[in-house]
Amino acid sequence: AVSWSYDGKYVYALHVDMLLRIWDVRAKSIVVEKKIINSRAVGYLEPLPGDRIAVSYNEKKQEVRILNHQLEEVAARTFETAPVPLRLRYHFTGLLVAQTCKATKINFLNAKDLSDVYEFNCPDMIFAAAPEIIQPDPDGDRLMDLTVIMAGNVAQHLRLTVDKSHLPIKFPPMPVLETELTPEKYMADENFELKTLALNPTVKEEEVVDEGPQEEVVQIVTRYRYLNAESDPPRNYFTYLPVGIVPNMEFNEICTNGKQFAFIGQGNPSQICFMNLDKPTRYPINGAPCIKDPHKSTVSYITYSPHNPNLLMSAGDDGKIRLWDVPDVLKQDITEPRISLQMPKRVGLAKFSDAVRNLVLATCLTPEIAIWDLNKEKQIRSFQKQCPSVVQDSTFNSLSNAVYSVFKDGTVSVFDPRSEDPVVATGQCHPGPRHRRILDLPDYNRFATFGVSKKGWREISIWDPANLSAPLKTVELDTQSSPLLPMYEEGSGVIYCGGKGDGNVPFVELCRDDRIIA
């Protein structure tokens, strides 16, 4: 690594054998040199004001040292084990931005003693981060702006702000990188004079009035703020399951009634296979009893009834919705459904109502949203003109007096399914091209939509069904490409936002105050 000194008088050079030299360029001589460690390593240099230099290198663990111009150690710190050293960037506020390539966090350190000031965590890998040379407003709350290169070749703008209780910010003088010094004048022993710009706030600090002892108010930000969960490794696994390769990219290919789980099997036509939850084991080599050829084509959706755990509903590319009686233990294949319903085209989803027994909502590619009465085996409502494009997801609310839907063109809608010609409230969500999902939040009388932003970020939006002009809040999750499979846990206010192929399951917590999402 090579770097100029902060005042431009010297050049620092760190060699691969970890020999650090300070050169006087004009005299063509070495001022001082020192071996940092007695082995070869990769390292970085970052000049600091006050004739100091920060050296970062990797010796089993990440090491950072601050040295003076005599190469005497002023401060030192050991970080975590990593294959590469920390990349350091100095900001005139006195902070060192420390970042490891392909890590998920950025450390902000005090450039005097390397103590922690702040840590920024990101769900995606960060390749590089650098503070921007921008003059801050001394009356504002912005401390620093950074440009961050993340996984997927995404450049993100990161802004650090200060809480209102600590305003105004007392900035040190900002260096102005302007000079009329030419190389000829420099080589003739004329030195660079660093100009600075005073950043004095125009807003006067408010006088602090001592009002005596005050009752401490404790605000709970979130119950899960410091939760760092690891999965409990199971004693046994379900192995060699004949799961279909891609039976349905947008929805789960698995469902459970608490005693057994069903999943869409491989092959075309698809089978519906079952395994008992109390006996984790290998799927039988010669197969097991299943629902044979439920749709004579691909199965698109399966779900158990919330009112009858032995009733399974399936939907398929053949436009049929079928209900199956499934015993707790299957001893032979199931070939005949209890009920078979027909829709014009491929059925994308079919969901039971939680509030009304034997009431089903289904969608197809017509596009159409249909309500079925299973007792009469009859379609009692058909909503086609209420569908501006293909339905990507739809669901009843907890009382089944409203249907929430999201469409391929980004429209989100709410209407009363009990009316033959309902008034439809609409809005716009998630402009990205990938599949959208919708989820009822009965504890909050709201609903959530999931999709992708224009920049490719997977995001979640919380909506008030009474006002679809704009979401109450939108939060970006990550830049993974897989579709989300969100689930809501009633009572806890937690939405789990795992996706197909993801290595983790991020979650968000809802709250009842103005934050919407904690």
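Where is the place of Asn-358?

**View 1. Asn-358 in a loop of the predicted model.** This and the other views show a predicted model. Asn-358 sits in the loop between β24 (347–352) and β25. Strand β25 covers residues 359–364. Although Asn-358 is not a glycine, its phi is positive, at about 65°. The residue counts as buried because its relative accessibility is 19%, and the limit for buried is under 20%.

**View 2. Asn-445, a residue with positive phi.** Asn-445 belongs to the loop between β32 (437–441) and β33 (446–452). Its phi is near 55°, a positive value in a residue other than glycine. With a relative accessibility of 56%, Asn-445 counts as exposed.

View 3. The bond from Asn-268 to Pro-269 is cis, with omega near 10°. Pro-269 is placed in the loop between β18 (260–264) and β19 (272–276). The bond from Thr-366 to Pro-367 is also cis, and here omega is near 5°. Pro-367 is found in the loop that runs between β25 (359–364) and β26 (368–373).

View 4. Arg-52 is part of strand β6, which spans residues 52–59. Arg-52 is buried but has no salt bridge. The nearest side chain of opposite charge belongs to Asp-113, 8.5 Å away. A salt bridge would need a nitrogen and a carboxyl oxygen within 4 Å. A polar atom of the Arg-52 side chain lies 3.1 Å from the backbone oxygen of Pro-49. Apart from neighbours within four places in sequence, Arg-52 is in contact with Tyr-12, Pro-47, Ile-66, Leu-67, Asn-68, Ala-111 and Lys-112.

**View 5. Asn-252 and Glu-253 in the loop between β16 and β17.** Glu-253 lies in the loop that runs between β16 (195–197) and β17 (254–256), and Asn-252 is in the loop between β16 and β17 as well. At 15% relative accessibility, Glu-253 counts as buried. Asn-252 has a relative accessible area of 25% and is therefore partly exposed. The side chain of Glu-253 makes a polar contact with the side chain of Lys-500, at 2.2 Å. The C-alpha atoms of Asn-252 and Lys-500 are 8.9 Å apart, while 248 residues separate the two along the chain. Leaving out residues up to four places away in sequence, Asn-252 touches Leu-485 and Met-487.

**View 6. The salt bridge between Arg-21 and Glu-33.** The closest N and O atoms of Arg-21 and Glu-33 are 2.8 Å apart, and the two residues form a salt bridge. Arg-21 is in strand β3 (residues 19–24) and Glu-33 in strand β4 (residues 29–35), so the pair ties together parts 12 residues apart in sequence. Arg-21 is partly exposed, with a relative accessible area of 22%. Glu-33 counts as partly exposed too, at 41% relative accessibility.

View 7. Glu-119 forms a salt bridge with Lys-105, with 3.9 Å between the closest N and O atoms. Because Glu-119 lies in strand β12 (residues 116–131) and Lys-105 in strand β11 (residues 103–110), the pair ties together parts that are 14 residues apart in sequence. Glu-119 has a relative accessible area of 35% and is partly exposed. Lys-105 counts as partly exposed at 22% relative accessibility.

**View 8. The salt bridge between Asp-325 and Arg-338.** The two residues form a salt bridge whose closest N and O atoms are 2.7 Å apart. Asp-325 lies in strand β22 (residues 320–325) and Arg-338 in the loop between β22 and β23 (339–342), so the pair ties together parts 13 residues apart in sequence. Salt bridges that share partners also join Glu-80, Lys-105 and Glu-119 into one network. Asp-325 counts as partly exposed at 38% relative accessibility, and Arg-338 is partly exposed with a relative accessible area of 44%.

View 9. Residues 1–33 are 0% helix and 58% strand, and their end C-alpha atoms lie 14 Å apart. For residues 292–326 the span is 0% helix and 51% strand, with end C-alpha atoms 13 Å apart. The domain assignment gives domain 1 (2–175), domain 2 (231–346) and domain 3 (383–517). The centres of domain 1 and domain 3, taken over C-alpha atoms, are separated by 42 Å. Across these two domains, 6 residues of domain 1 are in contact with 5 residues of domain 3.

Key
Residues are numbered from 1 along each chain as its sequence is written. This is a predicted model: local features need pLDDT of at least 70, side-chain atom pairs count only at pLDDT 80 or more; totals for chains, interfaces and linings use all residues. Side-chain values use heavy atoms; hydrogens and water are left out. Helices (H or I, at least four residues) and strands (E, at least two) are DSSP runs, numbered from the N terminus. Buried means under 20% relative accessible area, exposed over 50%, partly exposed in between (1.4 Å probe, protein chains only). Lys and Arg count as positive and Asp and Glu as negative; His and the chain ends are not counted. A polar contact is a pair of N or O atoms within 3.5 Å; within protein, one must be able to donate a hydrogen and the other to accept it, and residues adjacent in sequence count only if both atoms are side-chain atoms. Contact means heavy atoms within 4.5 Å. Domain bounds come from an automatic or database domain assignment.
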